[in-house]
Amino acid sequence: MARSIPPILSLLLPSKTGRVLSIQSHTVQGYVGNKSAVFPLQLLGYDVDPINSVQFSNHTGYPSFKGQVLNGQQLWDLIEGLEANDLLSYTHLLTGYIGSVSFLDVLLQIVKKLRSVNPKLIYVCDPVMGDEGKLYVPPELVSVYRGKVVPVASMLTPNQFEAEELTGFRIVSEQDGLDACKFLHSLGPSKVVITSININGNLFLIGSHQDNKGRPPLQFKIFIPKLPAYFTGTGDLMTALLLGWSSKYPYNLDKAAELAVSSLQALLRRTLNDYETAGFDPSTSSLEIRLIQSQDDIRNPVVQFNAQRFN
């Protein structure tokens with residue numbers, strides 16, 4: 001007869017390096033959403049528990065895809081299952097693509113519940129809504145993000161278009177980017193990173209850390225080289241790297257961003273070189289990132305892109 005395991009042996013040991021609940025999309029093939037975020041965070045030493053908001057055969061940039069979408073009640077069921085077994089002791093919550101208001105409303109309940117267990121929970125929110133002037137979520141999600149989600153986030157990582165949607169004004173200069181960060185600070189998050197801004201053909205990141213409401217935020221930029229290709233999953237990876245490194249350098253967001261950008265750029269160059277070596281023209285389609293092959297660049301990045309402080 002099989003021996004039963006004493007309940008004490010089933011208890012979850014605390015994570016000394018941090019435990020992340022990551023709620024994002026999932027693809028069977030390719031690296032986007034959780035497939036792009038979980039492995040890098042594990043390489044950086046974090047325990048990561050993924051919840052897949054969708055499960056698709058491949059990302060939606062292909063001619064077709066099939067799969068399933070998790071609804072709000074199914075998400076809450078998973079949280080209740082964890083709670084019933086005292087398994088909600090998270091140091092971080094990470095969220096990416098969310099496609100409905102109802103799912104977003106449940107997410108807000110999850111933030112509240114996780115903070116009832118750990119008031120110091122760090123919530124890193126990538127408000128995935130669109131890019132290059134186009135929304136790919138229902139328009140009503142914008143107001144929910146602005147009015148309810150952003151105020152409870154610890155770190156926000158929008159791209160240029162998403163920052164414009166959240167602030168309500170255009171970003172056509174560096175100063176606009178800095179002002180957008182300050183506006184987003186006023187809504188709640190102490191750390192804001194606009195992960196990509198394209199102004200007059202120049203691509204750069206702007207970061208801002210408001211560590212004291214009585215002082216101006218520390219703000220910086222990092223120039224990013226343009227590569228002759230389009231990659232999928234890079235935003236999800238960038239947010240995961242920012243979470244990983246900013247928690248190791250909690251008072252040096254510029255240092256964390258340098259490490260994150262340097263990791264990502266090394267990975268993208270490897271991806272581009274591998275496709276070109278295989279005889280593929282990178283300009284003809286989006287490229288699946290070479291995540292596994294770049295694990296050394298994730299774990300021990302060589303900083304090649306330096307932050308320039310504005311103050």
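**Briefing: strands, cores and rings**

V20 stands opposite V48 in strand β2. The model described here is predicted. Strand β1 covers residues 19-27 and strand β2 residues 47-56; the two pair in the parallel sense over eight bridges. Between β1 and β2 the chain passes through helix α1 (residues 34-43), and this β-α-β crossover is right-handed.

**Strand pairing**

- β2 also pairs with strand β3 (residues 67-69), in the antiparallel sense and over three bridges.
- V54 has V69 as its bridge partner in β3.

**Nonpolar cores**

- The largest nonpolar core holds 45 residues.
- L21, I23, L93, I110 and Y145 have the most contacts inside this core.
- Helix α3 (residues 101-117) gives the core its largest share, eight residues.
- Another core lies apart from it and has 40 residues, among them A37, V48, L241 and L267.
- In soluble globular proteins, nonpolar side chains tend to be buried together.
- Beyond residues up to four places away in sequence, I23 touches I51, L75, L93, L94, T95, G96, F103, L107 and I110.

**Aromatic rings**

- Five aromatic pairs turn up in a search of the whole structure.
- In one of them, F169 and F183 have ring centres 6.3 Å apart and planes at 80°, so the pair is edge-to-face; the cut-off for that class is over 60 degrees.
- F169 is partly exposed, at a relative accessible area of 29%.
- F183 is also partly exposed, with 31% relative accessibility.

**Charges over rings**

- K35 places its charged end over the ring of Y31, 5.2 Å from the ring centre.
- K255 has its charged end over the ring of Y249, at 6.0 Å from the centre.

**A buried loop residue**

- S154 lies in the loop between α4 (140-149) and β8 (155-156).
- S154 counts as buried because its relative accessibility is 19%, and buried means under 20%.
- Setting aside neighbours within four places in sequence, S154 is in contact with R115, L121, I122, Y123, P189, S190 and K191.

Key:
Residues are numbered from 1 along each chain as its sequence is written. This is a predicted model: local features need pLDDT of at least 70, side-chain atom pairs count only at pLDDT 80 or more; totals for chains, interfaces and linings use all residues. Side-chain values use heavy atoms; hydrogens and water are left out. Rings of Phe, Tyr and Trp (its six-membered ring) pair if their centres lie within 6.5 Å; planes under 30 degrees apart count as stacked, over 60 as edge-to-face and the rest as tilted. Buried means under 20% relative accessible area, exposed over 50%, partly exposed in between (1.4 Å probe, protein chains only). A charge sits over a ring if NZ of Lys or CZ of Arg is within 6 Å of the ring centre and within 35 degrees of the ring normal. A nonpolar core is a set of buried Ala, Val, Leu, Ile, Met, Phe, Trp, Tyr and Cys residues joined through side-chain atoms within 4.5 Å. Helices (H or I, at least four residues) and strands (E, at least two) are DSSP runs, numbered from the N terminus. Contact means heavy atoms within 4.5 Å. Two strands pair if DSSP finds at least two bridges between them. A crossover is right-handed if, with the strands pointing away from the viewer, the path from the first strand over the helix to the second runs clockwise.
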